[in-house]
Amino acid sequence: MRIAYLTSLYARGTDSFIRGEVLRLRELGLDVHTFSIRRPAASEATDRSILDEQKTTLYLQSLSLARHLRNCLSVLLRHPCRIVRAAYLAVVS
């Protein structure tokens, strides 16, 4: 199973609950990907585990518009039914 965590700001010392949850899910063998809208300040990496998590988190704000569009088109072409289902759930929820 693949799981995505999306937060506005991730991999900081104050994110211990989320980091712990992500770690436990990974220990259970789940494929967990972390995404953050913004990158935290360098001073937020208070220990090695936070720094490691920052290295594996995809920061959306740092991507170019062209990269965002390319990623969206790629997912749409590979999984059109999933996109339609997600759009439907977004509208009816």
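Let me start with Arg26, which forms a salt bridge with Glu53, the closest N and O atoms being 3.1 Å apart, where a salt bridge is a side-chain nitrogen of Lys or Arg within 4 Å of a carboxyl oxygen of Asp or Glu. Arg26 lies in helix α1 (residues 16-27) and Glu53 in helix α2 (residues 48-56), so the pair ties together parts that are 27 residues apart in sequence; helices (H or I, at least four residues) and strands (E, at least two) are DSSP runs, numbered from the N terminus.

Please keep in mind that this is a predicted model, in which local features need pLDDT of at least 70 and side-chain atom pairs count only at pLDDT 80 or more, while totals for chains, interfaces and linings use all residues. Residues are numbered from 1 along each chain as its sequence is written, and side-chain values use heavy atoms, with hydrogens and water left out.

Is Glu53 buried or exposed? Glu53 is buried, because its relative accessible area is 10%, and buried means under 20%, exposed over 50%, and partly exposed in between, with a 1.4 Å probe and protein chains only.

Within helix α2, Arg48 and Asp52 lie four residues apart, about one turn of the helix, and their side chains meet in a salt bridge of 3.6 Å, N to O.
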